[in-house]
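Please read it alongside the sequence and the structure.

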Amino acid sequence: MEKCDPCIFYNRLRPILDAWKYPGVLYEGVSDQPQMWIAASAAQCSLFHAFDITFGIDHQDQGGQFLRQMREYMPLKHRQFLAELEAGPSLREYILHKKPDYSRIKELYNQSVELLDAFRKEHLEISVNYVVKQARKKEAGVSGTSGTNVTRFLGQVRRETSEYVIK
């Protein structure tokens with residue numbers, strides 16, 4: 001992204017990532033029914049869900065609901081993998097329930113959560129520069145490609161991530 005001008009991204013690339021809303025798109029030879037899809041979103045990436053599950057980070061309210069909805073856009077095997085991860089204890093649960101002091105594991109866990117938080121901070125900053133500021137220039141609504149309020153959603157996800165550092 002550092003070599004892509006925010007204005008170029010917003011006006012030329014972002015529309016390609018946009019949703020196919022009503023009346024949808026007809027894929028000839030695939031289906032007789034028009035298809036409607038939500039826009040591309042990093043929330044559709046199973047890796048970020050796997051990190052949250054592994055670290056025991058639980059996203060609440062509309063943000064958590066949106067993240068669960070985005071799993072419908074993942075390949076079946078990815079959804080199955082995430083379900084398997086959720087079936088077991090998270091790394092956080094493991095550390096919190098061990099009787100002996102696992103200070104080194106706890107330290108590494110906290111460093112990992114802090115790195116995920118730093119990544120989410122950078123994602124939020126990129127979204128502000130490439131979406132929010134560009135939308136303001138056009139006096140348009142400010143939403144992420146998937147229709148969320150980008151700053152509210154990403155800010156909530158980041159706050160929730162940072163809350164999971166073990167004291």
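## Burial and surface

In this predicted model, buried residues account for 34% of the 167 residues in the protein. The protein exposes about 11200 Å², of which carbon and sulfur atoms supply 54%.

Charged side chains number 23 positive and 21 negative, and the centres of these two sets lie 3 Å apart.

## Overall architecture

The protein contains seven helices and two strands, and their order along the sequence follows the pattern α-β-β-α-α-α-α-α-α. Taken along the principal axes, the box filled by the C-alpha atoms is roughly 60 × 40 × 30 Å.

How many of the contacts between residues at least 6 apart in sequence join residues at least 24 apart? The share is 66% for the protein.

## The pairing of H2 and H4

Helix H2, which covers residues 46–55, and helix H4 have axes that come within 10 Å and cross at roughly 5°. Because angles under 35 degrees count as roughly parallel, H2 is described as roughly parallel to H4. On the H2 side the contact is made by Ser46, His49, Ala50, Ile53 and Thr54, while H4 contributes His78, Phe81, Leu82, Leu85 and Glu86.

Is the side of the chain at Asp52 buried or exposed, judged by relative accessibility? Asp52 has a relative accessibility of 7%, and because buried means under 20%, Asp52 counts as buried.

When residues up to four places away in sequence are not counted, Asp52 touches Ile57, His59, Leu116 and Arg120.

## Ser90 between H4 and H5

Ser90 is found in the loop between helix H4, residues 76–87, and helix H5, residues 91–97. Despite this loop position, Ser90 is buried, with a relative accessible area of 9%, a value that falls under the 20% cut-off for burial.

Once neighbours within four places in sequence are left aside, the residues in contact with Ser90 are Ile53, Thr54, Phe55 and Gly56. Ser90 and Phe51 are 39 residues apart in sequence, and their C-alpha atoms are 9.9 Å apart in space.

How values were computed:
Residues numbered from 1 in each chain as written. Predicted model: local features only at pLDDT ≥ 70, side-chain atom pairs only at ≥ 80, totals over all residues. Heavy atoms only, no water. Helix = DSSP H or I, 4+ residues; strand = E, 2+ residues; numbered from the N terminus. Buried < 20%, exposed > 50% of the residue type's maximum accessible area, 1.4 Å probe, protein only. Contact = heavy atoms within 4.5 Å. Areas by Shrake-Rupley, 256 points an atom, 1.4 Å probe, with all protein chains shown as cover. Lys, Arg positive; Asp, Glu negative; His and termini not counted. Charge placed at Lys NZ, Arg CZ, Asp CG, Glu CD. Axes fitted to C-alpha atoms, helices over the stretch in contact; angles between N-to-C directions. Parallel < 35°, antiparallel > 145°, perpendicular 65-115°, else oblique.
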